[in-house]
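Subject: Handing over a structure, with notes on what was found

Dear colleague,

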Amino acid sequence: MWDLVCLVATPAAIFPALWLIARYVTTPEQVYLWAFAFASFGHHLPGFLRAYGDRQLFARYRWRFLLAPPLICAVVLLFTWRDLHGFILIMFVWATWHVLMQTYGFLRIYDVKRGTHGRWSARLDYLACLAIFAVGIVFSEARVVGIADDLWQTGLPVFGPRQLLVAKWLVGVGSIGLLCGYVAFALHCWRSGRGFSWQKIALLLSTGALYWASGLVSTNVLVGVAMFDVFHAVQYFAIVWVYNRRVVDSSAERMPGVGLLFHGRLWSLGLYAAAIAIYGAGFFVLRSIDSLPVQQAAVVLFTTSACLHFYYDGFIWRISRRETRSDLQLATDSTISESPPESAFQNPLGGRPRWVGAIASHHGWKWAALAVVGGVLVVVETTQGQGDKTDADRQLANTAAMAPNMAEVQSQLCRAALDRGDTDEALAIAQKEVALRPTSHTAREDLGAALQQAGRNADAVAALRIAVRLAPNRWQTHFGLGQALLGSEDWSGAERSYQKAARLAPENARIQQQMAESIIGAMRFEDALPVLRRAVQLDEQSAQSHYLLGVAQMQTEHYGQARESFQTALALAPRHTRAHFQLGNLDYLSGDYDAAKNSFRQCVEIDPDFCDAYNNLGAVLALEQRWEEAAANYRQAIALRPQDANANYNLGLLLLQDGDMTAARSYVLRAAELGRPVDPNVAADLGLEFTSFD
């Protein structure tokens, strides 16, 4: 019964449970994070407990257990430090092989328990495992996209839809042929009286079904990954528990340090589960912290742990070893080949040095092959790279052709459309993404960004409020909502959203900067000063933060400090038009009209559509009685923004002074309609009657 629950029938509970949780309780991303921490990462611990807790095993492989951790960690750090992606490919292949061989090992255990040691049975089991995982890869959009992206990022040739179609036909036809052969062999064994392990067949079916189904959950890819991770981890938790418990029962002195976890009692099982949970919690905490160095540390930790897990499991569970079969209470048989004695591995070539023997051994060549593959991937990526933006767009189109119904791909397409300003396409893609994954905060964020770019701020706010409900502990969702509220000029709402984002990511300068913008929008310039000083402290290289600080200082009449802030912003970003503009305003207020003109002219040189700069330049020219030039600048401002009340009013005043009463009256009336107060004396000169001048 326990064998059925823990090893064979687990998918019957995992699939519906995680699917329902992801759909109705929390987000797919949260399900994935929990599964990744407590299943993917957590299941490494039981293997380490056996490797370092079993005296007999540690003595046999002492140098592997001592040298592998620092060597693998150094390689992982190298790839992470150089931001290389080749190791991801190695990890994918190694992880798939690891899971495949675990399944194969269980199949062989079932046969050995029945006393079946035939070569044909072993070969068919091996081919069946290959078929299961090959089908699960080529018929899964998520896995195909992951492999294609990793190949492209590493600089290797990438397959396309045609090659994928050929692979599907080859794998599909080959798997059907293998299935026929497997059934024929099972019938032969049954008719000859040898029988066939029903547990083995059930395990093959459950493993294949879950691997295939989890790869096809394309609208919840992360949930699919979590499903198989949990299944694999439960199997591993169970086999390590059973194995170590039998070791402790037969020879407690073999595991003096960790034997307390494997006494076979309920309390020891609780300790075992608690140890796994604590190990997984360490990674969970690191992964939840919004800090790039911490996130990188989490990646290094997981990758090193996973590689050690894959490596150790490649030799500590060999059923061909008599000791392993004895600990698993499997019948020994002379037809099962024994591994060579340890001394033969250490020095198989007689009197030669041990390191020569290790390199010449089968194990040494595996390490050499891995080193060569890793070196080739490093060289290829450093020389070929990912290409330019055109290559990236081409690869994205290739990915979309292979996985048209995958929400992650739609998200990438949406963001690419937003970047190139194709709002209509981005909006259509975002709507498709939401339809594919309604409970994804990423999909709602993409929809909100597309709606905001389309000028539909109210709809964008609604979409982003849903994103916040789906991911309340993610600062990016609060920040996105703040952006939409800022666009709607809901200053207080935007400020509240930014405050929530800041609590989740207190070291993020961008959040502080945008929060200050909402406070400035509400005309609370004094309150904006400490927020902007914090933003500048967090990112001294942000020209925008220095500029906004200057605006707040200028509005609170700290003119000298404001000038310094604007000058700092221009030193960091010489084409920052708003900083030039505000420097011109300061010069205008101080009476330095030549400097003001230079600043406003720099503005329009950088941005010929800068309406306010034309208006203010016209005002300075008018003070110098350069009427024609002033009028030309006012007209240019109105041409750019007909609804600009100040430009209409200023041109009206200029025309009044020039004696063109009709034109002056027209522009002043237009300014009044747009909300510009009219001076009573100007109204009287023009013969205009207003019930109110405000």
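This is a predicted model: local features need pLDDT of at least 70, side-chain atom pairs count only at pLDDT 80 or more; totals for chains, interfaces and linings use all residues.

Is Asp 424 buried or exposed? Asp 424 is exposed, with a relative accessible area of 63%, where exposed means over 50% relative accessible area, buried means under 20%, and partly exposed is in between, with a 1.4 Å probe and protein chains only.

Residues are numbered from 1 along each chain as its sequence is written, and side-chain values use heavy atoms, with hydrogens and water left out.

The helices named here are DSSP runs of H or I with at least four residues, numbered from the N terminus, and strands would be runs of E with at least two.

Let me turn to the buried parts. A nonpolar core is a set of buried Ala, Val, Leu, Ile, Met, Phe, Trp, Tyr and Cys residues joined through side-chain atoms within 4.5 Å. The largest such core has 93 residues, of which Phe 65, Phe 262, Tyr 272 and Tyr 312 touch the most other members, and helix α12 (residues 221–250) gives the most to this core, with 15 residues. A second, separate core of 53 residues includes Leu 447, Val 468, Trp 475 and Ala 516. In soluble globular proteins, nonpolar side chains tend to be buried together.

Helix α12 also holds Tyr 236, which is buried, with a relative accessible area of 2%. If neighbours within four places in sequence are left aside, Tyr 236 is in contact (heavy atoms within 4.5 Å) with several residues, among them His 43, Gln 102, Tyr 272 and Trp 317. Tyr 236 and Arg 254, by comparison, are 18 residues apart in sequence and 21 Å apart in space, C-alpha to C-alpha.

Next comes a pair of helices. Helix α24 (residues 475–487) and helix α26 (residues 509–521) pack at an angle of about 25°, with their axes 11 Å apart. That makes α24 roughly parallel to α26, because angles under 35 degrees count as roughly parallel, over 145 as roughly antiparallel, 65 to 115 as roughly perpendicular and the rest as oblique. In this pairing, Trp 475, Phe 479, Gln 483 and Leu 486 in α24 meet Arg 510, Ile 511, Gln 514, Glu 517 and Ser 518 in α26.

Finally, two loop residues deserve a look. Met 523, in the loop between α26 and α27 (525–538), has a phi near 65°, a positive value in a residue other than glycine, and counts as exposed at 60% relative accessibility. Glu 557, in the loop between α28 (543–555) and α29 (559–572), has a positive phi of about 65° although it is not a glycine, and is exposed, with a relative accessible area of 59%.

With best wishes

Note on methods. Axes are lines fitted to C-alpha atoms, for helices over the stretch in contact, and angles run from 0 to 180 degrees between N-to-C directions.
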